[in-house]
Amino acid sequence: MKKHIGLVLTGGGMRAAYQVGVLKAIAEILPGRANNPFSVICGTSAGAINAAALAVSMQNFRQGVLYLANTWRNFHASQIYRTDVAGVFRNTLLWFTGLLFSALGINKLRKVSLFDNSPLVELLESMLSYEKIQEGIDAGLLHALSITASGFGSGQSVTFYQGAKQIIPWKRPGRAGVATQIELSHLLASSSLPFIFPATLIHREYFGDGSMRQIAPLSPALHLGATSIMVIGVTANGRVEQPERTDISEYPSLAQIAGHALNSIFLDSMEVDLERLKKINDLVELMPDEVRQRSNLKHVDVLVVSPSQPIEKIAEQYAAELPWTIRLLLRLIGARQRSGSTLVSYLLSEKKFCRALIDLGYQDALKRRDEIRDFLGAQAQQDIETPQ
């Protein structure tokens, strides 16, 4: 059976710039003209945008990563959502009016969100050549690309994938895999932060951020044939020493509640799924070979690369880089206080912050150069030896 290294790019708004730094280091660790070592690429939320960008540049991994890095290093908030006075005021008014009407049982205003992400639509339309995804599949370089979104009508976590013909769609409680041709709408749906960006209509259902209700974020990669998986996360989690508890009796601001909710959506399920996979791997190691074959369980190597520093702390340093209109809006909901820095870290689409995260990801990955090289090892060497 052919081995496929899977890459899982998690969600986290603008925190996904960290992933670009890790990918940049990997591109330098591999030989210069190496193909993309990841034949199964799975993206969720902002990670979906990074995943699609990699999938359209399978033949030259380094070139694809450099293009992605240049895009992220020069981001401005106005490329993601409207920051002009008229746009911010209009959308904010619609958002609060929509909440009021909903409370009164009146459903007159639809597609209402805190921000207008029409600039992101224009950016993604010009940024990616989606036809190259199939070209990579036909060339045997890409086995599958998947983008996960959450259906507001069905409540299901749906993984839209484009891949090799032998991949079989799946359906499990609360989640499903659907074969399709990946397009702009899938990226917009997967990266629609709840309450912040509008939902996207795909076929007959509206979809939002893929991290919502994604109870098994490693599952798509396994269903798509990955035999080993690299996960690039966007949170420090247990790697950073937790500060001593202080007086936290003050009532939380709206921004603090929103940041806490987003952390729960983006971070908790991955930790649980990694722990689950570790237990399965431990169980497989204890099984006799014949029992292992009958159970259809296999050991799956996993390498997780995550930030060595809390990203919300970095966001505090660059919050002032946001346009004044956005700073005012965030101040109204309490996001400019230190307790609201978590929410800011998801929305801070300014180049200084993005560059800081790219540099952090780059340095974190270089410190694990040997570990990453060993993990990619045989696959990376095979890509170099394959004639083009």
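The legends below describe close-up views of a predicted model.

Residues are numbered from 1 along each chain as its sequence is written, and side-chain values use heavy atoms, with hydrogens and water left out. Because the model is predicted, local features need pLDDT of at least 70 and side-chain atom pairs count only at pLDDT 80 or more, whereas totals for chains, interfaces and linings use all residues.

**View A. Helix 2 and its buried residues.** Helix 2 spans residues 46–55, where helices are DSSP runs of H or I with at least four residues, strands are runs of E with at least two, and both are numbered from the N terminus. This helix is mostly covered, 10 of its 10 residues being buried, that is, under 20% relative accessible area with a 1.4 Å probe and protein chains only, as against over 50% for exposed and in between for partly exposed. Among the buried residues are Ala 46, Ile 49, Asn 50 and Leu 54.

View B. Leu 54 lies in helix 2 and is buried, with a relative accessible area of 1%. Leaving aside neighbours within four places in sequence, Leu 54 is in contact (heavy atoms within 4.5 Å) with Leu 7, Leu 9, Leu 23, Asn 36, Ile 41, Phe 61 and Val 65. The C-alpha atoms of Leu 54 and Phe 38 are separated by 9.2 Å, the two residues being 16 residues apart along the chain.

**View C. Asn 36 in the loop between helix 1 and strand 2.** Asn 36 is placed in the loop that joins helix 1 (17–29) and strand 2 (40–44), and is buried at a relative accessible area of 3%. The side chain of Asn 36 reaches the backbone nitrogen of Phe 38 at 2.9 Å.

**View D. Asn 60 in the loop between helix 2 and helix 3.** Asn 60 lies in the loop between helix 2 and helix 3 (61–73) and counts as buried, at 18% relative accessibility. A polar atom of the Asn 60 side chain lies 3.0 Å from the backbone nitrogen of Gln 63. Not counting residues up to four places away in sequence, Asn 60 touches Gly 32, Arg 33 and Ala 34.

**View E. Leu 332 in helix 12.** Leu 332 is found in helix 12, which covers residues 324–332. Leu 332 is exposed, with a relative accessible area of 68%.

Technical notes
Polar contact = N/O pair within 3.5 Å; in protein donor to acceptor, adjacent residues only side chain to side chain.
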